[in-house]
Amino acid sequence: MNRPVAIGIDLGGTNLRTAIVDLDGLIVARSDQPTLADRGFEAVIADIVASVDALIGGASVDRGSIAGVGLCTPGPLDLREGRIIHAANLPGWTNVPIRNALKERLHLPVALENDGNAAALGEYRAGAGRGNDPLVMLTLGTGVGAGVILNGRILHGHFDNAAELGHMIVVVNGLPCPCGQRGCLERYASADAVVRRVLDADQNRDRHGAVNLSRDREGAVYPSREGERADVPLRAEDVAQGAVAGDPLCRRVWDEACLYLAVACVNIQHAFNPAKIVLGGGMSLVGKPLLDGVRKFLRAQAWSLHDDVPAIELSSLGADAGLIGSAALVLDLR
Ligand SMILES: [Zn+2]
């Protein structure tokens, strides 16, 4: 195989994903494994190097055809020095020089990027955002990640912290956020926030609607339908399904999440004026109830001075957006 390819790496607190990506943005070979971040930096770096070597060997890729390695991870990052300044979901990872560590071991050019930015670049080059510039993407997961593509490039800002749209304040004096602000978007509209808000409100509720919540002896809460207990924790999808089925609590929390997302989209409309905003991350698996909710509230909130409301679409690359976007850091996808 001699066509140019790149290695994309998505390093999260839970999963380490590695892939060889071709010029069309297609994954040629991949490896998914648990990060096991508490083993420390050196052990994870060794896993990344082993995984890249195995992929290259397994796919019979000529090392000379590899344009480089792109790695995305949650920030904040020092992009100039190639360091992770602090990663909340990688315990003890403070000020680690990950770019140089990988460069020395892999003998390939290495680019580092924030995971939200990389996902936006992936969707822009090879996914739902193709042909849309500027493009804004919101990644709805544990928090709300985001990325802005402007003139074909990731918008970094003076301090490298542009597009931290999950920390856009949508409620003055609202819920406290670990970032130190109050009322951040991600406290209301991330997958975790939706679940947490239902469980918090459910403490005082004795009758359940379409989504029945059961507790085990340890106090963990589970969704159960038709009297059958499911052995999985409550997910944002369950809340959305409960809302569609008419459960009052689920409907209230879900509608609020969609409303705050719509408020964020109006603010994004005025800041960047994109033709499209792509919604990705675990919560986007909900699909139609998410799109319907955000679109409905967006139409109701948006101004009437000009018809420039962005289209709201779901990610088409799903969990691979960051992986493909990371490869795009070092390879010009077609
Ligand atoms: Zn915040």
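1. On a 1 Å grid over the protein atoms alone, a cavity is a set of points where a 1.4 Å probe fits but cannot get out, whereas a pocket is an open set with protein on both sides within 12 Å along at least five of seven lines; lining residues have an atom within 4 Å of a point. Grid points are joined across faces, edges and corners, and a volume is the space filled by probe spheres set on the points. The model is a predicted one, in which local features need pLDDT of at least 70 and side-chain atom pairs count only at pLDDT 80 or more, while totals for chains, interfaces and linings use all residues. Residues are numbered from 1 along each chain as its sequence is written, and side-chain values use heavy atoms, with hydrogens and water left out.

2. The structure holds 1 cavity of 30 Å³ or more, and about 70 Å³ of space lies in the largest cavity. Its lining includes G75, P76, L77, N114, D160 and E164, and the lining residues divide into 4 nonpolar, 4 polar and 2 charged (Ala, Val, Leu, Ile, Met, Phe, Trp, Tyr, Cys and Pro count as nonpolar, Asp, Glu, Lys and Arg as charged, and the others, Gly among them, as polar). G75 and P76 are also joined by a cis peptide bond, with omega about 5°, and P76 is found in the loop between strand 4 (66-73) and strand 5 (77-78); helices (H or I, at least four residues) and strands (E, at least two) are DSSP runs, numbered from the N terminus.

3. The second largest pocket holds about 230 Å³ of space. Two or more of its lining residues come from each of strand 8 (110-114), helix 3 (115-126) and strand 11 (153-154), and strand 8 gives the largest share, 3 residues. By class, this lining has 6 nonpolar, 2 polar and 3 charged residues.

4. The zinc ion has H167 (ND1), C177 (SG), C179 (SG) and C184 (SG) as its protein donors, at 2.0 to 2.4 Å, where donors are N, O and S atoms within 2.8 Å of the metal (3.2 Å for Na, K and Ca); water is not among the atoms, so sites may look incomplete. The arrangement is tetrahedral because the 4 donor atoms subtend angles of 101 to 119°, four donors counting as tetrahedral if all angles lie between 85 and 135 degrees. Along the chain the donors follow the spacing H-x9-C-x1-C-x4-C. C184 is buried, at 0% relative accessible area, whereas C179, at 40%, counts as partly exposed (buried means under 20%, exposed over 50%, partly exposed in between, with a 1.4 Å probe and protein chains only).

5. Strand 9 (residues 135-140) is largely enclosed by the rest of the structure, because 5 of its 6 residues are buried. It runs antiparallel to strand 10 (residues 144-150), to which 6 bridges join it, and parallel to strand 15 (residues 276-280), with 5 bridges; two strands pair if DSSP finds at least two bridges between them. L138 stands opposite A146 in strand 10, and T139 opposite G280 in strand 15.

6. Some backbone details deserve a check. The peptide bond from D133 to P134 is cis, with omega near 0°, and P134 lies in the loop between helix 3 and strand 9. S60, although not a glycine, has a positive phi of about 50° and is exposed, with a relative accessible area of 55%.

Methods. Four donors count as tetrahedral if all angles lie between 85 and 135 degrees; four count as square planar and six as octahedral if opposite donors are over 155 degrees apart and all others between 65 and 115; anything else is irregular.
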